[in-house]
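Subject: Structure handover

Hello,

Here is the structure I promised to pass on. Please open it first, then read the notes below.

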Amino acid sequence: MTRRFEAELERLRGGFPVPGIDPAADEALAEQIATAVRQSLRLKTAAPRLLLSSVAELEAEAEANKLVSMDWPVPAEGLAAVVRELCECLEGLPLETHPRNQVNVNAQPSTAGIIGSLLPALFNPNLTSDGRGAGCSRAERRVVALAARLAGYEPAVAGGLFTFGGTGTVLYGVKLGLETAIPGAMRTGIDRPVVVLASERAHHTCLTAAGWLGIGEDRVWRVPAEDDFAARSESFAACACRAIEAGYRIAAMVATVGTTDAFGVDDVASLVVARDRIVADYRLDYVPHVHADAVIGWAWNVFRDYDFEANLLEFDGATSQALKRVADRVAGLRVADSLGVDFHKTGFAPYVSSLFLVRRGADLERLARRRDSMPYLFHSGRHHPGLYSLETTRSASGVLAAFASLRMLGRDGLRVLLGAAIARTQQLRERLGQWPWLRVVNASTDGPVTLYRAYPPDCDAAEAWSRELRDPSFAARSLAWNAYNRRIHEATQAAAHAGGPAGVGWTESACLGAAGQPLAALKTYLLSPFLDGKTVEELVQHVRSVRDRLRIEERAD
Ligand SMILES: *Cc1c(COP(=O)(O)O)cnc(C)c1O
């Protein structure tokens, strides 16, 4: 090698952590990371703003209309310039974790969770096998054990692994079910017609899973949901009977335990009873798989053995009852064949931290590949999730994020954080409920999300809502009211971007009206540990003032 080449290589080495032991170099690395962290934290603007930076919005808009390209920088940049550019990437980002950002299920990652997510990048363990990082692999199995116990599974029998998001957990659940309905489908393909059954309020990931697995989105049969945003097990059963009688096998029945928009909770326990009855009645040669999409609702299991009578954490009466109602429902998870957990939703971990759990760990064998198809892997260690995982390389970031967050919060910590979210939600609903022009749409559910629908002047909300649900002749009016609510949503968003008070979220379809028309709603998700009574009151006043302003504008029109 030439001198020049050697010199260039040596310079590039300066851009990597020193592999061996070198305390001075390690200190310098820690300082480089700390500097970048400090620089990014400085992007946070004054408290009322919900954006990390002040300038980027307009640029971002212009950018969206341009072809985005990237050229090689010549010469390549030094670390300081790269960190500056990285911070620019964060500009214009909504301050997702601010208590006044309530538009969706954005949990605030805990400090321990953030550190847990960062550290693996330093050492690059690969969870494909414990030979590639025994400690991280053990942490994964410890979180699996804790989450299994929390779900009511037998930890010695249960199994599971982290995967790429809640979407991945649904994909795993439906895939396991597919292998149950058509044994050996992994090798031979889907040679018989199959369906997936899921609530009409289920997350779109059911469609994703069916599409990607070759089942087909059209083969996801939707089970009607009731006013509490949950699908009844009798409705699931009726749907299953229809499918079986039409010659389909059932790849999976997906129960949703905490719908994304309204926090509807399907009753898993009675669904499993209904499933077993169908197996007996039709003498099925397989047991249709019940997967619980519990990526949001799993966390309420921390209340399963909370003594609500003694109430040592001193939740107020209404909060206590709301927590207990959900805990009683969620306890049914113990009989689901598999379930999904998003620690990045209700576990206060940063993205992506999702766990797929199975009641009988041995079920995962059905996904196993032959070892001789992977000659490059598994030469060391004893625990090899890579034999059956969809991914080959799996990062430990999500695992350590969940592990750290669970260790730091503890069970009582999670209870208090969820309890606080529910107490604020109660406050919000009580306040919103005082206005005759507004209807809380999901008052029948007990989660941290509130859907509400405003109505124009001279319109009684309770009456209007009930007519929309029961009277097909209201369909056209529903669409006009959807537009009215959208204007309120957009006005609150604009105010938030301009430094005003909280943003209000939105759903295109909280549920369907009598003519099948979507009924849109405003949406407020209260999960931040930093929420207080004042923030909620501000939100309430803000919604009111936006609505009043619309009213004046409408009169002027
Ligand atoms: C968010 C969500 C998903 C998808 O999870 P990701 O982590 O975003 O992939 C699936 N199901 C439900 C009910 C969800 O709320």
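Is R149 buried or exposed? R149 is exposed, with a relative accessible area of 52%. Buried means under 20% relative accessible area, exposed over 50%, and partly exposed in between (1.4 Å probe, protein chains only).

Two notes on the source. This is a predicted model, in which local features need pLDDT of at least 70, side-chain atom pairs count only at pLDDT 80 or more, and totals for chains, interfaces and linings use all residues. Residues are numbered from 1 along each chain as its sequence is written, and side-chain values use heavy atoms, with hydrogens and water left out.

Helix 7

R149 sits in helix 7. Helices (H or I, at least four residues) and strands (E, at least two) are DSSP runs, numbered from the N terminus. R149 touches P155 and R304, leaving aside residues up to four places away in sequence. Contact means heavy atoms within 4.5 Å. The C-alpha atoms of R149 and R334 are 9.1 Å apart, though 185 residues separate the two along the chain.

Helix 7 covers residues 134–151. Its 18 residues should span 26 Å at 1.5 Å a residue, and the end C-alpha atoms are 25 Å apart, which agrees. The expected span is 1.5 Å times one less than the number of residues. Buried residues of helix 7 include C136, E140, V144 and L150. The buried residues of this helix pack against strand 1 (159–163), strand 6 (338–342), helix 14 (343–346), strand 7 (354–358) and helix 15. Just after helix 7, G152 takes a positive phi of about 90°.

Helix 12

Helix 12 (residues 268–281) has 14 residues. From first C-alpha to last it reaches 20 Å, close to the 20 Å expected. V268, L271, V272, A274, R275, I278 and V279 are its buried residues. Seen down the axis of helix 12, they fall within an arc of 160°, so they line one face of the helix. The arc is that of the directions from the helix axis to the C-beta atoms. On the other side of helix 12, A280 and D281 are exposed. The cover over the buried residues of helix 12 includes helix 11 (233–245), strand 4 (249–256) and strand 5 (290–293).

Two loops flank this helix in my notes. F263 lies in the loop between strand 4 and helix 12. Its phi is near 60°, a positive value in a residue other than glycine. F263 is buried, at 2% relative accessible area. R283 is in the loop between helix 12 and strand 5. R283 also has a positive phi, about 45°, although it is not a glycine. At 74% relative accessibility, R283 counts as exposed.

Helices 13 and 15

Helix 13 (residues 317–330) and helix 15 (residues 397–432) pack at about 115°, with axes 9 Å apart. Axes are lines fitted to C-alpha atoms, for helices over the stretch in contact, and angles run from 0 to 180 degrees between N-to-C directions. Helix 13 brings A318, T319, A322 and L323 to the contact, and helix 15 brings L418, G419, I422, A423 and Q426.

D305 lies in the loop between strand 5 and helix 13. D305 is exposed, at 51%. D305 touches R411 and R415, not counting residues up to four places away in sequence.

Cis peptide bonds

The bond from V74 to P75 is cis, with omega near -5°. The bond from Y351 to V352 is also cis, with omega near -15°.

Best wishes
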